[in-house]
Amino acid sequence: MKTKRIKKRSGRERAFRIVTIVTLLAGFLLTGCSSLDCPYENRVYTKYQLKGDVKMLLDTLTVTTNRISDGSDTILLNQAVKIDSFELPMSYVNAQDVFHFHIKRTDKQTFTDTVIVNKKDQTHFESVDCNPAYFHTLTGISYTTHAIDSIVIHNTQVNYDVSQPHFYIYFRYHD
């Protein structure tokens, strides 16, 4: 019968093994706790809140803009009815965004207003693992007044938070 000999480890070997195990466990814990908090959607939107006599838009509103690549129209808001607010995306390559508000009133009259939003872009850094994001500071707004009475900038900082409106929009009241 063979007997096994138990080799006694020195204090130095035991200390080395303990340090190695603790280092591995710490590495696993730190790796397991890291998380990427990249936003799923990193586009930012401006919120337009209706104000004045028209608290809810009963007319049909479609908002379009021109694509940078080929200049064709693209629809951002399609035939919205009975709304009190809406959100529009911001570009991150232009110093200004141009929107075309197409309003079809309940009496079948149609109007188109052009809204130009001026802004300054700021690169927003989340993590090197996340896609680039851009926040904006609104610097001005101009518009035509066929169906829109006025637009007022309420909140100049555009980021992921759309709980507060960026613009108050007043439409012309009609009978």
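Let's start with β8 and β10, which run antiparallel and are joined by five bridges. Some terms first. Strands here are DSSP runs of E with at least two residues, numbered from the N terminus. Two strands pair if DSSP finds at least two bridges between them.

This is a predicted model: local features need pLDDT of at least 70, side-chain atom pairs count only at pLDDT 80 or more, and totals for chains, interfaces and linings use all residues. Residues are numbered from 1 along each chain as its sequence is written, and side-chain values use heavy atoms, with hydrogens and water left out.

Back to β10. V152 stands opposite Y168 in β10. β10 also meets β1: four bridges join the two, and they run parallel. There, K51 stands opposite Y170 in β10. Is β10 enclosed or open? Four of its five residues are buried, so β10 is largely enclosed by the rest of the structure. Buried means under 20% relative accessible area, exposed means over 50%, and partly exposed is in between, with a 1.4 Å probe and protein chains only.

Next, the open sheet. Six strands form it, in the order β3-β2-β5-β6-β7-β9, with antiparallel pairing. The edge strands are β3 and β9 (157–158), and each pairs on one side only.

Look at β5 in that sheet. Nine bridges join β5 to β6, running antiparallel. Q96 stands opposite N118 in β6. F101 has D113 in β6 as its bridge partner. The two strands form a hairpin with five residues between them. In the turn, K108 has a positive phi of about 80 degrees. On to β2: this strand pairs with β5 over five bridges, again antiparallel. L61 has I103 in β5 as its bridge partner.

Now salt bridges. By that I mean a side-chain nitrogen of Lys or Arg within 4 Å of a carboxyl oxygen of Asp or Glu. How many does a search of the whole structure find? Three.

D59 and R105 make one of them, at 3.7 Å, N to O. This pair links distant parts of the chain. D59 is in the loop between β1 (45–51) and β2, R105 is in the loop between β5 and β6 (110–124), and they are 46 residues apart. Both D59 and R105 are buried.

K119 and D121 make another, with the closest N and O atoms 3.1 Å apart. K119 counts as buried, at 5% relative accessibility. D121 counts as partly exposed, at 33%.

Then there is D149 with R172, where the closest N and O atoms are 3.5 Å apart. D149 lies in strand β8 (residues 148–153) and R172 in the segment after β10 (167–171), so the pair ties together parts 23 residues apart in sequence. D149 is partly exposed at 39% relative accessibility. R172 is partly exposed at 33%.

Aromatics next. A pair of aromatic rings is described by the distance of the centres and the angle of the planes. Rings of Phe, Tyr and Trp (its six-membered ring) pair if their centres lie within 6.5 Å; planes under 30 degrees apart count as stacked, over 60 as edge-to-face and the rest as tilted.

The structure holds six aromatic pairs. Take Y48 and F86: their ring centres are 5.0 Å apart and their planes are at 5 degrees, so the pair is stacked. Y48 is in strand β1 and F86 is in strand β4 (residues 85–89), 38 residues apart. Both Y48 and F86 are buried.

Now Y92 and Y134. Their ring centres are 5.5 Å apart with planes at 0 degrees, so this pair is stacked. Y92 lies in the loop between β4 and β5, and Y134 in strand β7 (residues 133–143), so the pair ties together parts 42 residues apart in sequence. Y92 is partly exposed, with a relative accessible area of 47%. Y134 is partly exposed too, at 27% relative accessibility.

One more aromatic item. Which residues form one aromatic cluster? Y48, F86, F101 and F167.

That is the tour. Questions, please.
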